[in-house]
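Q: Please walk me through reading this model, one feature at a time.

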Amino acid sequence: AAEALDTPERIARYLEAAFEDGDPALIAAAIGDAARAHGMSDLARETGLAREALYRALSDTGNPEFTTVLKVLKALGVKLAPIPGL
């Protein structure tokens, strides 16, 4: 998946599918996939978070804080936006 996650638009589509599933673990893992595709060292620098903490928080068993999710999404060039449920 990492090769396909090379633009904010592709990342957004990938994350949208995870959010539609609704499983928090899947959402965190998808954000982790996008983060690894972006490069964890770059992401750590852009977010001000430790690289090791990002790996831990965005792993399959991680439970990232909401502020971490928002910082990571911003660094990836996407944002979290509410839309009406259908």
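A: Start with a single residue. T68 touches L49 and L54, leaving out residues up to four places away in sequence. Contact here means heavy atoms within 4.5 Å. This is a predicted model: local features need pLDDT of at least 70, side-chain atom pairs count only at pLDDT 80 or more, while totals for chains, interfaces and linings use all residues. Residues are numbered from 1 along each chain as its sequence is written, and side-chain values use heavy atoms, with hydrogens and water left out.

Q: Where is T68 found?
A: T68 sits in helix 5. Helices are DSSP runs of H or I with at least four residues, strands are runs of E with at least two, and both are numbered from the N terminus.

Q: Is T68 buried or exposed?
A: Relative accessible area decides: under 20% is buried, over 50% exposed, and in between partly exposed (1.4 Å probe, protein chains only). T68 has 12%, so T68 is buried.

Q: What is T47 in contact with, leaving aside its neighbours within four places in sequence?
A: Its partners are L54, K71, V72 and A75. T47 itself lies in helix 3, which spans residues 40-47. Its relative accessible area is 9%, so T47 is buried too.

Q: Which class does I27 fall in, buried or exposed?
A: I27 counts as buried, because its relative accessibility is 15%. I27 belongs to helix 2. Setting aside neighbours within four places in sequence, I27 makes contact with A18, F19 and G22. Look at chain separation as well: I27 and L58 are 31 residues apart along the chain, and their C-alpha atoms are separated by 9.3 Å.

Q: How do I read helix packing, and at what angle do helix 1 and helix 2 cross?
A: Axes are lines fitted to C-alpha atoms, for helices over the stretch in contact, and angles run from 0 to 180 degrees between N-to-C directions. Under 35 degrees is roughly parallel, over 145 roughly antiparallel, 65 to 115 roughly perpendicular, and the rest oblique. The axes of helix 1 (residues 8-21) and helix 2 (residues 24-38) come within 8 Å and cross at roughly 170°. The two helices are therefore roughly antiparallel. Helix 1 makes the contact through I11, Y14, L15, A18, F19 and D21, and helix 2 through L26, I27, A30, I31, D33 and A34. Sorted by class, that contact has ten nonpolar, no polar and two charged residues. Ala, Val, Leu, Ile, Met, Phe, Trp, Tyr, Cys and Pro count as nonpolar, Asp, Glu, Lys and Arg as charged, and the others, Gly among them, as polar.

Q: At what angle do helix 2 and helix 3 pack?
A: The angle is about 100°, with the axes 6 Å apart. That makes helix 2 roughly perpendicular to helix 3. A35, R36 and H38 of helix 2 meet M40, D42, L43 and E46 of helix 3. By class, this contact holds three nonpolar, one polar and three charged residues.

Q: Now pockets. What volume does the largest pocket have?
A: Rolling a probe the size of a water molecule over the atoms shows where empty space is left. On a 1 Å grid over the protein atoms alone, a cavity is a set of points where a 1.4 Å probe fits but cannot get out; a pocket is an open set with protein on both sides within 12 Å along at least five of seven lines, and lining residues have an atom within 4 Å of a point. Grid points are joined across faces, edges and corners, and a volume is the space filled by probe spheres set on the points. The largest pocket has about 360 Å³. Its lining includes A12, L15, E16, F19 and E20, and also L73 and V78. Helix 1 gives the most to that lining, with five residues. The lining divides into nine nonpolar, no polar and three charged residues.

Q: Which residues line the second largest pocket?
A: Among them are F19, P24, A25, I27, G62, N63 and L80. The elements giving two or more residues are helix 2 and helix 5 (66-76). Helix 2 supplies the largest share, five residues. The space in this pocket is about 170 Å³. Its lining has ten nonpolar, two polar and no charged residues.
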